[in-house]
Amino acid sequence: MIGIKEVTLTYKDGTTALKDINLEIGTGELVYITGPSGSGKTSLLKLLMGIEYPTEGEVFVLGQKIAREEKRKIRKLRRNIGPVFQDFRLIKGRTALENVMMGIRLLGFPPGKMRTEAINALEKVGLGHKCSSPVENLSWGESQRVAIARAIVRKPALILADEPTGNLDHDNAVSILNLLTSLKDRNTTVLITTHATHLIENHNEAVFVRMEGGRITLEQGGRSK
Amino acid sequence: MKAVLFNLGYFMKEAYKTIRLNLLSNIFSFIGTVLIFFIFALVITGWNISGRLVSMLKEEAEISAYFDDYNLDEDGKAGLLKRIEETEGVLEVNLVSREEAYTRMENVLGNEAGILELFDDNPFEEYIEIRIHLDETERITDSIKNIPGIEYVRDNREILSRIEGMVKTLNMAVYLVTAAVGITTVIIISHMIRQGIYENRFQINTLQLLGASNSFINFPFLIAGFLMVLGGGILASVLIVIAINMGFGQLSGTIPFIPLPPRNELIEHVVVVIMAASAVLGLGGSIFGLSSIKEDTEH
C-alpha cells in the first residue's frame, strides 16, 4: 500500500524536514503519526500526496512512485486518496453538499448518483441536515466533518488526514477520530497525523508512529517491529 | 471524457461564476470585444461593397478606338470591327455613330445638355466601343493601335488603376484589421482567463489535490472565454445588421449610382464571417490564455 525507503526531504530553503525515513503500511491499517509541531508529520503526508517529492530515497503509494517526473500519474493516484486537510480546504461560497460533490466530480459519476452519494456521505458524518448550508456558516467542527465527507464520498483506498482534531474541543475531536477510525473496517487504509496523543491511547488496533526532528523514533502496535 | 460529460452543468455554472467574479472588468472586456468585432464587420462590409464595385468595373471595362470616319466606307468599317473582334481578350465590339455619341453626351450632361446647342454641327466622331478584360488592357490597346485604319485608342487605364490602388489599400486595411482583431481578442480573453484563474487559485489548487486533470480544471475557463467572445460576435452582428440597413437606405437615396450588393446577401456574408471569427478567436484565445498560465498553477 505505502512504501517509504530511505527517504530524505529537503526543502528549497535548505531545511531538512525528513531524514532517512523507512515505513511500510499495509492495506486496511489504521496508522497514527504523532509528534510535536515541526517533527515532519505534515511533510510526510505531503510526500504521500505527491505535493512534495523525496530528495533522496523512494516513496510508493498504491503502487505509484512519487517523483517529479510522474506528475501526471500522481494526479490520477490522488483520485484514490481521500485527503482531509488541516485547513479543510473547503470552497467558500458553496454549500456543504457542493463541496462534498467536488470530491467525486472527477470520478465520472452521473449527476444524480453524485448527489445521492454526497448526501449519504454528509449523513454519515452527521451533517445530513446541513446540505444546503454555505460552508462559511458552519462551525469549525462541522467544517471538519464536511472535509471528511468529501474524503470518504470517493470510497478511497487511502485516507490521509492531517491534524483532523486540531482546534476542536474534546468531544468533537473524539467524535471525529471515531469517525475516521471506523473507516478502517472497509479495508481502507487510514493514516492520521495528530499531536493529541491522549485521544488515541485506547486505539489498540492502530499502528503508532512517533516522529521527532524529521525522523521516526518509534513504531509500534498493529504489526510492531 | 465521462467526467466532462457528466459535469457539463457544473462547468457552465463555474464559467458563469468566473464571469461574475470580476463583473466590471469582464463587462469592459465584453464591450471591447463587441466594438472590435463591430469595426471588423464594418471593414468587411466596405471590402465586400468595394470588391463588388471593382468586379463590376472590370466587367464593364471599355476602350474606344477612333478612325477616319469620313474616308472609310461601310465595308471598311465592318472590316475594322471584324479585325478588332478577333483580337484576343476582346469581349464585345460596338460601332457608335455620331448621332448616338451626341445622344449619350446629352444623357450624361442631363440638365446642362443645352451647352451642346452652342455647336453648329455635331462635334462628336464616330468610334468603336470595345469591351475587354481589364487585366489585359495594355496588350489589347497595343494590338488595336496596330490595326491599319485605327488612328487613336483611348482607354480609362488611369482611372481604373486608381480604383485598383484604392482596392489594394482597402485589402491591406482588411488584413491589418483582421490581425488587430485577432491579437486584441486573444489578449483580452487571455487577460480575463488569467484574472479568473488568479481569483480561483484556491479552488484550482484544491481540485489539483483531489486529482483533477488540467483539462477538467480548465474547461470552465475555456467555456467562459468562448462565450464572452461569441457573445461579443453576436452583439457586433446585430449592430452591423442595423448599420447595413440604415446605410443602404441612405446610400440608395443620396448616391444611387453606387452598385451595392443585394442587402440580404451582404448581411449573410458579414454575419457568417463575424460569427466564425468570434468562435475561432474565442476558442483560440481561451486556449492561448490557459496555456500561458499553466505553469503558474501547476501543483
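In this predicted model, the interface between the two chains brings 15 residues of chain B into contact with 18 residues of chain A. On the side of chain B that touches chain A, at least two residues each are supplied by α1 (2-6), α2 (8-21) and α8 (201-209) of chain B. That side of chain B is made up of seven nonpolar, seven polar and one charged residues.

**Domains of chain A**
- Chain A is assigned a domain 1 that comprises 1-80 + 156-225, and a domain 2 that covers 93-155.
- Between the C-alpha centres of domain 1 of chain A and domain 2 of chain A there is a distance of 24 Å, and the contact involves 11 residues from domain 1 of chain A and 11 residues from domain 2 of chain A.
- Helix α6 (residues 170-182) of chain A provides four residues, the largest share, to the side of domain 1 of chain A that touches domain 2 of chain A.
- By class, that side of domain 1 of chain A has eight nonpolar, two polar and one charged residues.

**Domains of chain B**
- In chain B, the domain assignment places 2-57 + 161-297 in domain 1 and 62-155 in domain 2.
- The C-alpha centres of domain 1 of chain B and domain 2 of chain B are 52 Å apart.

**Nonpolar cores**
- The largest nonpolar core has 110 residues, and the members that touch the most other members are Val100(A), Ala149(A), Ile159(A) and Ile274(B).
- Helix α9 (residues 214-254) of chain B, with 12 residues, gives the most to this core.

**Helix α1 of chain A**
- Helix α1 of chain A, which spans residues 41-49, is mostly covered, with seven of its nine residues buried.
- The buried residues of α1(A) are Lys41(A) and Ser43(A), together with Leu44(A), Leu45(A), Leu47(A), Leu48(A) and Met49(A).
- Gly50(A), which comes just after α1(A), adopts a positive phi of about 75°.

Terms used: Residues numbered from 1 in each chain as written. Chains lettered and ligands numbered in written order. Predicted model: local features only at pLDDT ≥ 70, side-chain atom pairs only at ≥ 80, totals over all residues. Domains from an automatic or database assignment. Contact = placed C-beta atoms within 7 Å. Nonpolar A, V, L, I, M, F, W, Y, C, P; charged D, E, K, R; others polar. Buried ≥ 20, exposed ≤ 12 C-beta atoms within 10 Å, placed from the backbone. Core = buried A, V, L, I, M, F, W, Y, C linked by C-beta atoms within 7 Å.
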